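My entries follow in the order in which I looked things up.

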Amino acid sequence: MKTRRQFLQHLGVSAAAAPFLTGLPSLRAAGAKQRLIIMFSPNGTVPWEFWPDAPEKGQPASDKLTFKRILKPLEPWRERTLMLNGISNRVGGDGDRHMRGMSCLLTGTELLPGNIQGGSDTPAGWASGISIDQELKRFLQSRDETRTRFGSLEFGVAVPNRADPWTRMSYLGANQPVAPIDDPAQMLAKVYGRMKDKENVASILDTVQSDLQRAAKRLPEADRTLLDQHLTLVRDLETRLTRNEAESELSHPVPDIDPDIELVNDNTPQISRMQIDLLVNAMANDMTRVATLQFMRSVGQARMNWLGIEEGHHGLSHDPDNNKDSVEKLTKINEWFAGELAYLTRRLAETPEPGADGSMLDHTLIVWLNELGKGNSHTLDNLPFVLIGGKSHGFRMDRCLQLPEKTTHNRLWLTVAQAMGHDLKTFGTANLCEGGALNLT
Amino acid sequence: MIRFSIFAAAGIFGGEALAAEAENRAPHPGLAIYQDQCVECHGEKGEGVDGKCDDPLIGNRSIESLARRIDRTMPEDHVERCVGAEARAVAEYIYEAFYSPAARGALHPPPLDLSRLTVTQYQASVADLMGRFRGWSVKVPTGQRGLKAHYSGTPDYKPVDAKGKKVDPPKDVSVDRIDDEVKFDFKSGSAVPGKFGAEKFRITWTGSIFAPDTGEYEFIIRTQNGARLWVNNLTTSEEKGSQLIDAWVSSGPEVREESGRIFLLGGRAYPIQLDFFTYKEATASIELQWKTPGGVVQTVPSRVLSPDRVAEVFVAATAFPADDRSYGYERGTSVSESWFAAILQGALQMGDDVMEHVDALAGTKPGAADRVEKLKRFCEVFTETAFRHPLSEAERKEHIGDLFAAADTPEKAVKRCVLSVMQSPTFLYPMVSERGAEDPWARAGMLALLLWDSLPDAKLVEAAKKDQLKTPDQIRKQAQRMLSDPRSKAKMRGFFHQWLELDRAQDVSKDSKQFPQFTPAVMADLRASLDLFLDDVAWGDRPDYRRLLLEDELYLNDRLAKLYGAAPPASGFQKVKLDSGKRAGVVTHPYLLTAFAYYNNTSPIHRGVFLTRNIVGMTLKPPPEATKFEDSKFDPKLTMREKVTEITRAEACMACHSTINPLGFSLENFDAIGRWRTKEKNQPIDPKGSFVTEEGDTVKLTGARQLAEFAAGSELAHRAFVRHLFHHFVKQPAAAYGFETLDRLTDGFEDHQYNIRDLLAEIAITLCQSPRS
């Protein structure tokens, strides 16, 4: 991980005004866009508060979508929602299930041997292959019509700043985890450069100028050249900043977020909204068409005081099903995640698609997923997969699709890739792709 | 001292101090007579009066000669009115006031160049500006070397007891010790056999690391296990990722190399921590390497490590355009768009850093009732530290009051304060201070810049407050104190590098057939050897300039000892007497001899030019025509001396080469990598020669040692050394501080047994007492 300081160095600078003017997408001809957002929340779900009830005895299996407690916040987007029941992470290999759940989730391939111990399983290291978001980025960036400035952005919310297989789901390739950025200020700097500091800098340039003028007066005429040159540079910067050339080129202005928010547990709700706003904004400005949004990490111990829950999330997820109090809290926690997903959905639905008909949601597929099916059993079966949007991907929504048991998640990634024009035949471990892409149309 | 010849030679030397001195004295009795009898025709300053006496009163006559002439011929219409003692008085007056070359220099001194902070000064200043809030002192730990190591692991145990019952692992045990360097191969065993087993153990190394030079450092961890490295970042908890290298997750049994780069300022120490762990892996090993700017990858040597922790240093990582060096020393005498962009970027980086730690820096916390007051107070301390003086009401209003009034949040105001202060001319151009040269704050600021390239520290501020920077004694005492600070050492090292033109040593390569043992690692060792020697002289108990030229001992490590033919030292670098006393300090240090040489041969011309200018202290004009030395064009049987003699034979060349060649030939006993030799192409080396000094004395040379001895005893050489040192530290022409500055400093230098530190103290006094500084 880089510190913010190191990060900002990498922005580079060629002239004084450059930091305030960079970060612009190249505006290209508008066309039908397809975007992908993958949202992660950890530690399994509460299946009976998540999945639609099984059909009554004697009734045939049904794809009917019902919104149980956890998914309630998404009910306004019934027509845009597709639940996938029956998906399993069947990658196997070294590492505990949290680890494999997390690091094999988007990669669909085994962990390398390593030194990271989880539970009583064999220690393991990083995933041995690329993740689907990075694979799609690579694909989209390889074509002129889909290339964007960043290709992908990895957002985090309250992700502890440590790198191990429980905290990383995106991979550039074997052994190359991608760190999510969980500091909105850092993300803002990455996406918009120094544009947010423009106001601060502009506000003090008058002071600098009068300071320089006063200093020059104290010197004999002949010695003033240096200060005069300096003054000219300050004036030039002021002109460029006030011309406001930067923002007028953006179809969506830089979101107004508080860059000084403290990255502490209790600020998670605000940070989450900031990150979602930034994500939608970056996509509206076509800086990227692929994004991940990672809440905490596998085994994360978020303390959701804002829900009145003092215990850590992972601890609660281990409690038995008959612990009503814990189950209630876990339900609330997952409901909160669904609420954030609903906010993301709403922001996309409210934003008109730049240069095309409809809303941004019409051109975006959101996949909400989790590394476990259920916390206290650590099952990697029946993972809670929810797809939102999907119109541009041609998926038929408004249902809870009952897939055959233990359908591998590799096949879902083939489906998503193919829907975005990337004709992958296998992804991750090849023999887990048997049967090919799922039919979601 | 042959003062006159110097005066005569140089209209370039001014004499402001002389003039100042003259002003402080009672008026010369000759002045009244001059005003009464001479001014009508000659003008106030001897400039002449149209129609009466057009020629200005300037010339080279002595006072005696002037007095005789006045006695006989002046005033023209009443020669009897000014005779004898009165004529003598007038002669003395006009001589000192404007007639003599010295007085003319004083009337038209070279300008003191208006300068901004140089890049080095900027970097040190911002580091110490933030350091103001992190202990306000710069420490480089001395004493014990190496890093503190904490080893812990699980003792071996049987996981199942005799009855087949599972046994819980015993508690981890730990061992603390100091490790010289981090380079361990535990193979399949434990790090501390007998204490804990090989299956699971962990090591944490902590302490500080010294960066010898400013630049980009690459750190490399080699391990097949898990490791993390932090450099200059105290936030080392796992949850706060700030590590330079994260290699915590291993990947199979192969040794991995993970690296990270970081920009560090030379002459400072930085906190470092390395964590290592292994779990159920076949083998374990760890090595911490680095590559210094322009250096080679090597295990981080013990000599730069210390078990003591130090505070984090704020390092401005902005890329600056290089400063002007056309005068032979860095000067901040130009501003450019890229410089301005760098200053702005630096201000923004500083703004980010301040905002990241704003509550800690201001000593408050979110929600505190007096938080805004504390933030304002922080801004005040920040501003006065950057400005090097207590704030005036106007400054307080402009940089703090107005900003807090205008910004919608106090955080914004703090950020804007930082941005405005970091771009203020008061910070960037210390010379334009509205305070006079006598002001103690101006003096404190100047001393800090002179000796540290930085801002005043707590003690200087204290002295300024108490007005204790007045007398030469007070200034000398401060200077002596300041000279023990690491920042002075860093600046001194910069001086040596400049004086010895070590830039030349970058990317040196040698013919691998002729010098198979000469590798980049040897060059890195030689650099370390030279730096150790220079530090030793400058900061040891006898900082005598002559030792730089005359010491016959060299610091050698194992590798160097083998190559240069000495007995290998017990450990690290040790002082060794090489070639039975034929060595002579920097003059024969292999690093320089190697740098001033060709790929496959010596270069008496390069060596000679360097010796002429930098060691002996004579000036050389640029060559009248560019001539390329092409080895292949010579008869291969010729020695290098013969080839050089041949190629510089022309009269136009010999104007300078009559000096350059003999000086260069005197080092012919040292080959292209600085090894002693007595033969070249089976012919005995002839290092003898002679040259004529600028005073017209002929000096006979018999070899390197004798050349060094000549320089050590030569006033010209002393003067050159003083001038180099003055320029590097002051970054202004010496004459701008008074026509006689160099002479006076050189005299003092000779009187003080060539003590380099005393010389710096005297320079400090000169600057403080100059009305122009």
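**Entry 1: Asp531(B)**

My cut-offs: a residue is buried with 20 or more other C-beta atoms within 10 Å of its own, exposed with 12 or fewer, and partly exposed in between, with C-beta atoms placed from the backbone. Asp531(B) sits in helix α19 (residues 520–539) of chain B. I noted that helices (H or I, at least four residues) and strands (E, at least two) are DSSP runs, numbered from the N terminus.

I then listed contacts, meaning pairs whose C-beta atoms, placed from the backbone, lie within 7 Å. Leaving out residues up to four places away in sequence, Asp531(B) touches Pro212(B) and Arg493(B). Pro212(B) is 319 residues from Asp531(B) in sequence, yet their C-alpha atoms are 9.0 Å apart.

**Entry 2: ground rules**

I wrote down that this is a predicted model, in which local features need pLDDT of at least 70 and side-chain atom pairs count only at pLDDT 80 or more, while totals for chains, interfaces and linings use all residues. Residues are numbered from 1 along each chain as its sequence is written, and chains are lettered from A and ligands numbered from 1 in the order in which they are written.

**Entry 3: domains**

I looked up the domains, whose bounds come from an automatic or database domain assignment. Chain A has domain 1 (4–11 + 38–183 + 263–433) and domain 2 (193–258). Their C-alpha centres are 44 Å apart. Chain B is split into domain 1 (3–107), domain 2 (147–306) and domain 3 (499–713). In chain B, the C-alpha centres of domain 1 and domain 3 lie 49 Å apart.

Two packed helices are described by the angle between their axes and the distance between the axes. Axes here are lines fitted to C-alpha atoms, for helices over the stretch in contact, and angles run from 0 to 180 degrees between N-to-C directions.

I took α7(A) and α8(A) as my pair to start with. Their axes come within 10 Å and cross at roughly 155°. That makes α7(A) roughly antiparallel to α8(A). The scale is this: under 35 degrees is roughly parallel, over 145 roughly antiparallel, 65 to 115 roughly perpendicular, and the rest oblique. The crossing of α7(A) and α8(A) is left-handed. Left-handed means the near helix is turned anticlockwise from the far one by less than a right angle; clockwise is right-handed. The residues in this contact are 12 nonpolar, 4 polar and 4 charged. I sorted them so: Ala, Val, Leu, Ile, Met, Phe, Trp, Tyr, Cys and Pro are nonpolar, Asp, Glu, Lys and Arg are charged, and the others, Gly among them, are polar.

Next came α6 (residues 184–192) and α10 (residues 268–284) of chain A, with an angle of about 15° and axes 10 Å apart. So α6(A) and α10(A) are roughly parallel to each other. Their crossing is left-handed. Residues of α6(A) in the contact include Met187(A) and Leu188(A), and those of α10(A) include Ile271(A) and Met274(A). The contact of α6(A) with α10(A) has 8 nonpolar residues, 1 polar and no charged.

**Entry 4: where the chains meet**

How many residues does each chain give to the contact? Chain A gives 47 and chain B gives 49. On the side of chain A, α7(A) gives the most, with 9 residues. That side has 24 nonpolar, 13 polar and 10 charged residues.

**Entry 5: a covered helix**

In helix α13 (residues 409–419) of chain A, 9 of the 11 residues are buried. Among them are Trp413(A) and Leu414(A). Their cover includes β1 (35–40), α5 (132–141) and β11 (399–408) of chain A. Just after α13(A), Gly421(A) has a positive phi of about 90°.

Met296(A) is not a glycine, yet has a positive phi of about 50°. Met296(A) is buried, because 25 C-beta neighbours lie inside 10 Å. Lys187(B), also not a glycine, has a positive phi of about 50°. Lys187(B) is exposed, with 11 other C-beta atoms within 10 Å. Last, the peptide bond from Met74(B) to Pro75(B) is cis, with omega near -20°.

Terms used
Contact = placed C-beta atoms within 7 Å.
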